Amino acid sequence: MKVALRHASAADLPWFFFMLAAVMLAYVVVVYFVIVLGLYRGREPHWHWLAAWAILVTLLMKLCVKTRGAGLPFVRNQLTSACRATIRACAEAHGASHAQRPAKLFAVGAALRRLEGNVMRAHRRSGTVAFLSPRRRELKAHAGQVVAKLREAEAALDHSPQAEALSEIAGLVATIAEQYVDGCIGALLPKPLLEGKKPVRDRELLRVAAAVALIAGGVVGLAFLGLPDVAMAAVGTAWSVLILMALFGSNWASHLPVFELFKPGP
């Protein structure tokens, strides 16, 4: 587990550059076609524009390719990092004073929400399961059962001794981390613990699709208001952030690349 965390930490910076390059690449492509349709409608764009665009796109694509490979360990070990953060939150809540306990328990819940998302995406991020593999259905069902078990353990905080409930949560999370590091993404928790658990459905893709549709609709609607460019950018950004916060809660910042695609061009 420590090795996985070190790999994730070392790959943090390359993955950041990959995300930055990918967003810039998409932005440059969209802005170029907006400029072509807006300024060169009915006539060919100047070859200088085309040459600059081609060079920039080529450089960004090469940067994406190089940084993505180096940054993949960061993505693949996000579940391990989330497990560490959850265990730490449980330990802090266990040792907190009476006055600090509510805030620490709130932190445990927030850490579990992030962990749940990583559990549901573990089969996609592991790099061992093909996109159209029939294994994905069973792995998704198992991940849903694991999340259901975590929620059951979290619910015990409200009707059982909190020290025991926190210990149970930390034990489950430690098991998940160990199994994931060993490559057992289909056995993150023992089967006896998951018997009778109804799998929780992963609705993140639906929320991302809803965010894209709402942001796109808002940007198109703002275009008809005739606002100045500065006001257009400010209102568009505010609308996009509000949509992400409404759909993803405290985890909205991790989905910022969604609305970067809709930012107005220069």
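Reply: A nonpolar core is a set of buried Ala, Val, Leu, Ile, Met, Phe, Trp, Tyr and Cys residues joined through side-chain atoms within 4.5 Å, where buried means under 20% relative accessible area with a 1.4 Å probe, protein chains only. This is a predicted model, in which local features need pLDDT of at least 70 and side-chain atom pairs count only at pLDDT 80 or more, while totals for chains, interfaces and linings use all residues. Residues are numbered from 1 along each chain as its sequence is written, and side-chain values use heavy atoms, with hydrogens and water left out.

The largest nonpolar core has 38 residues, and Leu 79, Leu 115, Val 119, Val 146 and Ile 176 have the most contacts inside it. At least two residues of this core come from each of α4 (78–94), α5 (101–120), α7 and α8; helices here are DSSP runs (H or I, at least four residues) numbered from the N terminus. The largest share, 9 residues, is supplied by α8. Leaving aside residues up to four places away in sequence, Val 119 touches Leu 79, Ala 143, Val 146, Val 147 and Leu 188 (contact means heavy atoms within 4.5 Å). A second, separate core has 12 residues, among them Ala 21 and Cys 64.

Now the helix pair. Helix α7 (residues 135–155) packs with helix α8 (residues 162–181) at an angle of about 160 degrees, their axes 9 Å apart; axes are lines fitted to C-alpha atoms over the stretch in contact, and angles run from 0 to 180 degrees between N-to-C directions. That makes α7 roughly antiparallel to α8 (an angle over 145 degrees). On the α7 side, the contact includes Val 146 and Leu 150; on the α8 side, it includes Ile 169 and Ile 176.

Conventions
Parallel < 35°, antiparallel > 145°, perpendicular 65-115°, else oblique. Buried < 20%, exposed > 50% of the residue type's maximum accessible area, 1.4 Å probe, protein only.
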